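Here are some notes to read beside the structure.

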Amino acid sequence: MKKRQNGRERKFIVYESHLLRLFASCPSCTSPTLGEVQQVKGSCVTILQDCGLCGFKTSWCSQPFVGAIPAGNFEISCALLFSGSLPSKTIRMFNFMNLATISYRTFMYHQQCYLHPAIVDVWKNQQAAYIRETLDSGQPVQLGGDGRADSPGHCAKFGSYTMMDLMKNLVIDLQLVQSNEVGSSCLMEKEGLVRSVHFLEQSRLVISQLVTDRHLQVAKWVRENMPNTVHNIDVWHVAKGLKKKLVALSKEKDCQDFVDWIKSIVNHLYWVPSSTPEDEEDEMKWEKWSSILNHIQNVHDGHGDHFQRCEHGDLGPDARQKRWLRPGTKVVEKLESIIDSRQMRKDIPKLSPTVQTSNLEAYHSVINHFAPKMNSFSYKGMQSRLLLAAMHYNENSAKGQAATKDGNLQYRIVFPKQKKGEFTVQKIKQANWFLTTPCHAVKKATLLLRLCVTSTSTQRRMLL
Ligand SMILES: [Zn+2]
Ligand SMILES: [Zn+2]
């Protein structure tokens, strides 16, 4: 453990009996004395030592103060929020240990008056730096947008909307919408997007491409209000829906053989936009997509005018494990209705060639760390946590892959839930939970606290 970490001292757990031993004799005349606990304020203790023999008197405090607040109490609030912990659980943990600590109310007070403004301020600075840099480069931006409800189901209190710069892999804007502001929780996603786009356009950013999920209201709004932006649908969201339907089909009577094909069809969906250049006509994507129906019946050419034959080479009998499907069977008919559905006809030409999938998933898991869906937070608490998650993600996204001492890159095997037992190999990122952003925020919050002690509220507002 470092003696100082970002300019902050170490702290220790001290037992009361051990502490009082330090006050067992008078520093002036060395006769025996009794130290007495005079006051406990949160995690801070004040001890009074009074010598009956020579009249020596002293009052000793376990912590430095920032204004009227013991520094340790304030640091508990900072650490609690900036590490993404939950106040009620953390305080209960301290209580289990019988360790003196702050109350829930004190934490809420610190959060409201100092931590939240400090976080917003650090975030605004980072955002402004990004916008300046982008405007200087003169380049338009390619964005990915996604909404998140704060709780599962349809009774969410808050919805957040995140805009990501897909090229730089950075979260660049975040809007928090309360469901009572927009009337219902389903409208929150669109409202978040609208606010974010307005903010970015006011900042004079040019949005050349926007990738979102297949949300209908969002698509309509973008079509009507952003004529110069190409709107794409994130292939991941479409793949998720498609896979569900395919799995359901494979469970029907006489369709069990089909199960081997599900993975290939989903992979084919990913391949369609990634193999098609942007300027290609929309029919190309559609013909590529629908060619899968021929392919699984062992027909590999004559797909269409733009995409005539499959791009794979000769398929010898050994190369193939899966059985071809026979024309006219129930499974082929049902599959055709899935592949050639109205929804697919709409979605396929709009599929995004820029993949944002893995980044979005990583970002969502960071949010889940800071603001778990099972818990409810105040508006400021929620906003603080979302901004912390964004800053945390941005700082980590710049980090490279972790390596061993010998310089070998590190990987791990994971079993993602959506893969239902199959594994994926993942690069291990350089581990970093102790980031500079929270430290900036701690410094800012402490500064704010100092200012509050010495200035009026108007001065404070000006200084921030
Ligand atoms: Zn004495
Ligand atoms: Zn083929």
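1. Helix α8 passes helix α9 in a right-handed crossing. A crossing is right-handed if the near helix is turned clockwise from the far one by less than a right angle, and left-handed if anticlockwise. Helices (H or I, at least four residues) and strands (E, at least two) are DSSP runs, numbered from the N terminus. The axes of α8 and α9 come within 10 Å and cross at roughly 155°. Axes are lines fitted to C-alpha atoms, for helices over the stretch in contact, and angles run from 0 to 180 degrees between N-to-C directions. The two helices are therefore roughly antiparallel to each other. Angles over 145 degrees count as roughly antiparallel, under 35 as roughly parallel, 65 to 115 as roughly perpendicular and the rest as oblique.

2. Before going further, note what kind of model this is. It is a predicted model, in which local features need pLDDT of at least 70 and side-chain atom pairs count only at pLDDT 80 or more, while totals for chains, interfaces and linings use all residues. Residues are numbered from 1 along each chain as its sequence is written, and chains are lettered from A and ligands numbered from 1 in the order in which they are written.

3. Which residues make the contact of α8 with α9? From α8 they are V235, V238, A239, L242, K243, L246, V247 and S250, and from α9 they are I262, I265, V266, L269, Y270 and P273. Two residues are in contact if their C-beta atoms, placed from the backbone, lie within 7 Å. By class, this contact has 12 nonpolar, 1 polar and 1 charged residues. Ala, Val, Leu, Ile, Met, Phe, Trp, Tyr, Cys and Pro count as nonpolar, Asp, Glu, Lys and Arg as charged, and the others, Gly among them, as polar.

4. The buried residues of α8 are V235, W236, H237, V238, L242 and L246. A residue is buried if 20 or more other C-beta atoms lie within 10 Å of its own, exposed if 12 or fewer, and partly exposed in between; C-beta atoms are placed from the backbone. The length of α8 (residues 235-250) also checks out: at 1.5 Å a residue its 16 residues should span 22 Å, and its end C-alpha atoms are 22 Å apart. The expected span is 1.5 Å times one less than the number of residues.

5. Helix α9 (residues 262-274) also meets helix α10 (residues 282-295), and their axes come within 9 Å and cross at roughly 165°. That makes α9 roughly antiparallel to α10. The crossing of α9 with α10 is right-handed. In α9 the residues I265, H268, V272 and P273 meet K285, K288, W289 and I292 of α10. This contact has 5 nonpolar, 1 polar and 2 charged residues.

6. In α10, the buried residues are K285, K288, W289, S290, S291, I292 and H295. They pack against α9 and α11 (330-339). The 14 residues of α10 should span 20 Å at 1.5 Å a residue, and the end C-alpha atoms are 21 Å apart, which agrees.

7. Helix α2 (residues 71-82) and helix α4 (residues 104-137) have axes that come within 10 Å and cross at roughly 80°. That makes α2 roughly perpendicular to α4. N73, F74, S77, C78, L80 and L81 of α2 make the contact with T106, F107, H110, Q111 and L115 of α4. These residues divide into 6 nonpolar, 5 polar and no charged.

8. Most residues other than glycine have a negative phi. T30 has a positive phi, near 60°. T30 is found in the loop between α1 and β3, and is exposed, with 11 other C-beta atoms within 10 Å. N298, in the loop between α10 and α11, has a positive phi of about 65°. N298 counts as partly exposed, with 13 C-beta neighbours inside 10 Å.

9. F23 lies in the loop between α1 (16-21) and β3 (35-41). Leaving aside neighbours within four places in sequence, F23 is in contact with T33, G35, I47 and Q49.

10. For the chain overall, there are 16 helices and 14 strands. Of its 464 residues, 29% count as buried.
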